[in-house]
Amino acid sequence: MNMGRAHWLYLAPALLLLGVFLVYPSAETIRLSFYGPRSDTFVGVQNYVRAFTSRPMLIAFRNNLLWLGVFTLFTVGMGLVLAVLLDRVRYEAVIKSVIFLPMAISYVAAGVIWRFVYAFRPAVAPQIGLLNAIVVGLGGQPVGWLIQRPWVNNIALIVVGVWVWTGFCMVIISAAYKGIPREMQEAARIDGANEWQVFRHVTIPFLKSTLAVVTTTMIVFVLKVFDIVYMMTNGAYDTDVIANRMYNEMFQFSNYGMASAIAVILFLAIVPFLVLNVRRFRVQEAVR
Amino acid sequence: MKRKLLLKRLPVHLIVIALAAVWLAPSLGLLVSSFRPRQDLLSSGWWTAVITPSQWSRFTTANYRDVLTQQGMGRAFLNSFLITVPTTLITLTIAALAAYALAWMEFRGRQVLLMTVIGLIVIPLQMTLIPVLRMFNAFRLSGTFPGIWLAHAGYGLPLMIYLLRNFFGALPRELFESAFIDGATPFRAFVKLVLPLSVPVLASAAIFQFLWVWNDLLVALVYLGGFEEVAPLTLRLSLLVGSRGQDWHLLTAAAFVSMIVPMIVFLSLQRYFVRGILAGAIKG
């Protein structure tokens, strides 16, 4: 359809909001990142230098890397395993709902749920946290899951993320899995392939692009992870992450220059995935 | 033969059921605990209340009464609706108009505009917080519902436009041609043809945006943080964790109050939610 300038009427509200809430602020944040705490003195790259050298930031980077590896591996891995296994049971729908349900609730609620699972009491008191009750029941000492640094508490936080996001991965991978022509797997089985070989040589190659999409989605999420850490430890005991640092620089220390620099670093880490998204979209468009 | 198959499948059943149990246990603990009196909660694990029938009579709704009336969760419940429902309507209306133009109107720069929208999907919110907060303070929008409606709409638009445009774009061209031959205006075609045909995808998008806004903490924290009277459930609950972190009888009940609406939406409209996720897997 061609009708002069009418299209701008349809686009105007969207463009206005996108401009006001995404485009302009992003540009402004880049500018602010070169200014001091109050945004009035130009300090060059000083904020960035500090971001890459200060101890709290280095811990945040380390933790984000840990999230990146462990979280992504487990959400995508378990999503894949569940998608394959659930295809073989008749009560698939019920189990899927159970695994997928955490996706619907907030991280704030998930935070409360898991703080309770991790609740810690001295060995003499009855354990009210599920996890420590199991540990004590097996004859161990209660563990301060959210306090014991550096690995136990960070992994404990990552588990919450895995609990929330595995269902998402499962749903997407499962949809792709059901798209595999049955004949392909059957043919491999008739040729004498065992289940593992079918999985390795038929299923995985077929799911490759889906796995790539799911993995990049998880990575983009992980880089921005905020609510879970904010709710469970607020970064205490070396569990801080980049997004939480940004929030604290902004509100706790009112250092707007530093907070902006951290936001820009976060953004730069995500840019490759932005490029990927746009590329994938162009390929999609080309075949449309 | 049948028994052999069952035996072969046994490990699969065991793994699947075990995983489901692990996934369910934390929420189950929350639910059970929210109905236990304070002293019980502190003296024994929630599972003992489930497996000891003599304790069943001790279950109470007092925690819920307390969080809804004393702890401000009742007001927050209303606030969550006042934030979420208008936001969803605004976002969807604006996104649908834009998606229609991007799918069916020809103009220069359309592709560039489209790429920009796709790119904006993954922009981290953190990139926008400080300038928007300053803008809000200057225009006295901090702590107001219209302020947060607009902010959420802005943040939600890229994904919503993407979802809707993909669907609109797949509608058959003849549909529009015959409508225009019959003398329909583009707007009439939009309202009478496109929207009715897109109900499933509109539902997916609405559920997506609804859950995202209902469950949001960061945006509420930054733009409504200092204003308790407009705080949504997530914000109120996070304050409660800060002030009453060991009062599990209150925290569990409050958490459940914040979960009830998303869970109802999820359980009744799961089909559309899944569809939205499958179509929008691009979002981070």
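How far apart are the end C-alpha atoms of residues 12-35 of chain B? They lie 35 Å apart, and the span is 96% helix and 0% strand. Helices here are DSSP runs of H or I with at least four residues, strands are runs of E with at least two, and both are numbered from the N terminus. This is a predicted model, in which local features need pLDDT of at least 70 and side-chain atom pairs count only at pLDDT 80 or more. Residues are numbered from 1 along each chain as its sequence is written, and side-chain values use heavy atoms.

An unreviewed UniProt entry annotates residues 12-35 of chain B as "transmembrane region", along with other spans including 248-269; such annotations may be inferred rather than shown by experiment. Residues 248-269 of chain B are 100% helix and 0% strand, with end C-alpha atoms 31 Å apart.

Aromatic rings come next. Over all chains there are 38 aromatic pairs, counted for rings of Phe, Tyr and Trp (its six-membered ring) with centres within 6.5 Å. One of them joins Tyr247(A) and Phe251(A), with 5.0 Å between centres and 50 degrees between planes. This pair is tilted, the term for angles that are neither under 30 degrees (stacked) nor over 60 (edge-to-face). Because the two residues are four apart in helix H11 (residues 242-251) of chain A, about one helical turn separates them. Tyr247(A) is buried at 9% relative accessible area, whereas Phe251(A) is partly exposed at 33%; buried means under 20%, exposed over 50% and partly exposed in between (1.4 Å probe, protein chains only).

Ring pairs also link Tyr10(A) with Tyr100(B), Trp104(B), Phe176(B), Phe187(B) and Phe190(B) in a cluster.

How values were computed. Chains lettered and ligands numbered in written order.
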